[in-house]
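Please read this briefing with the sequence and the structure side by side. The points are grouped by topic, and each can be checked against the model.

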Amino acid sequence: KHLSERLTALENRSLSASLDDARAASPPSCMPLGTLRAKDLDLPLGKHEAVTLDTMAMIFEAIFDSAELPDAIKAAIGRLQIPLLKLSIADPSLFADDQHPARRLINRMARAVVGLPHNAGSQHPLCERIGRLAVAVRHTLEESGAALDPHLAELEALIAERDRAIQQATATHVQLVVQHEARLFATELAEHWLRVRVAKTDLPEIVAFLETYWLRVMVAAAADGGSQGGRWQR
């Protein structure tokens, strides 16, 4: 209980600093991108609480060091560090169960922003949405016995929404890549055929004809049905 009260006091000071920075329209000077370790609270090493704090610190260090997440998203997730610390002290299964709702929540928050430009700021619509979600999650974690299911459902809907948008935006590019790969495969198939045929003849005229003219015919045949297609067989 004493540790929980200390963590709550730290969180309140952090939130207060965030509000002051917001009023001053300056970047946050609080600790959203810093980790909290046992030594910061003078906890005896090896105790359950100390191990829990240091384990959570390692998890958040990995998040903060990720090159795939914009700083605005790291900051939003970072604000959940102390609430998750308090949860993990009360519920040790958070570390043992990879399907724990809190762990799934953090994973889905990161999954929801896949593909977001690295320089996306806090004003980006998606960053704002994740930021609001993080605030709602923090309030939920403060309530005894509150479930994270509504927030997980919101994240799943957001992920599905972004996936659909990305698929629609990239449909033409995907088709170009498929066509390019098909051409590469057809060329590779025809060149293999050429090497086999050239190895079976000693006539330079035949070799020159195959390399100069017939290879192109075989590439086109490979592109039109592959080596099992009627054009290739003919």
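In this predicted model, helices H8 and H9 cross in a right-handed manner. H8 covers residues 149-198 and H9 covers residues 204-223. Their axes come within 8 Å and cross at roughly 140°.

**The contact of H8 with H9**

- On the H8 side, the residues that meet H9 include Ala-186, Leu-189, Ala-190, Trp-193, Leu-194 and Arg-197.
- On the H9 side, the residues that meet H8 include Val-207, Leu-210, Glu-211, Trp-214, Leu-215 and Met-218.
- The residues of this contact comprise 14 nonpolar, one polar and three charged.
- An α-helix has 3.6 residues a turn, so residues three or four places apart point the same way.

**Trp-214 in H9**

- Trp-214 is a residue of helix H9.
- Trp-214 counts as partly exposed because its relative accessibility is 35%, between the limits of 20% and 50%.
- When neighbours within four places in sequence are left aside, Trp-214 is in contact with Trp-193 and Phe-209.
- Ala-190 and Trp-214 are 24 residues apart along the chain, and their C-alpha atoms are separated by 9.5 Å.

**Helix H7**

- Helix H7 runs over residues 125-142 and has 18 residues.
- From its first C-alpha to its last, H7 reaches 26 Å, close to the 26 Å expected at 1.5 Å a residue.
- The buried residues of H7 include Leu-126, Ile-130, Leu-133, Ala-134 and Val-137.
- Arg-138 and Thr-140 are also among the buried residues of H7.

- Gln-81 belongs to helix H4, which covers residues 81-90.
- Gln-81 counts as buried because its relative accessibility is 1%, under the limit of 20%.
- A polar atom of the Gln-81 side chain lies 3.0 Å from the backbone nitrogen of Leu-36.
- His-100 is located in the loop between helix H5 (93-96) and helix H6 (101-112).
- His-100 has a relative accessible area of 7% and is therefore buried.
- A polar atom of the His-100 side chain lies 3.1 Å from the backbone nitrogen of Ala-102.
- Not counting residues up to four places away in sequence, His-100 touches Leu-87, Asp-91, Ser-93 and Leu-94.

**The loop between H6 and H7**

- Pro-117 is located in the loop between H6 and H7.
- With a relative accessibility of 42%, Pro-117 counts as partly exposed.
- The C-alpha atoms of Pro-117 and Pro-92 are separated by 35 Å, and the two residues are 25 residues apart along the chain.

Methods:
Residues are numbered from 1 along each chain as its sequence is written. This is a predicted model: local features need pLDDT of at least 70, side-chain atom pairs count only at pLDDT 80 or more; totals for chains, interfaces and linings use all residues. Side-chain values use heavy atoms; hydrogens and water are left out. Helices (H or I, at least four residues) and strands (E, at least two) are DSSP runs, numbered from the N terminus. Buried means under 20% relative accessible area, exposed over 50%, partly exposed in between (1.4 Å probe, protein chains only). A polar contact is a pair of N or O atoms within 3.5 Å; within protein, one must be able to donate a hydrogen and the other to accept it, and residues adjacent in sequence count only if both atoms are side-chain atoms. Axes are lines fitted to C-alpha atoms, for helices over the stretch in contact, and angles run from 0 to 180 degrees between N-to-C directions. A crossing is left-handed if the near helix is turned anticlockwise from the far one by less than a right angle, and right-handed if clockwise. Contact means heavy atoms within 4.5 Å. Ala, Val, Leu, Ile, Met, Phe, Trp, Tyr, Cys and Pro count as nonpolar, Asp, Glu, Lys and Arg as charged, and the others, Gly among them, as polar. The expected span of a helix is 1.5 Å times one less than its number of residues.
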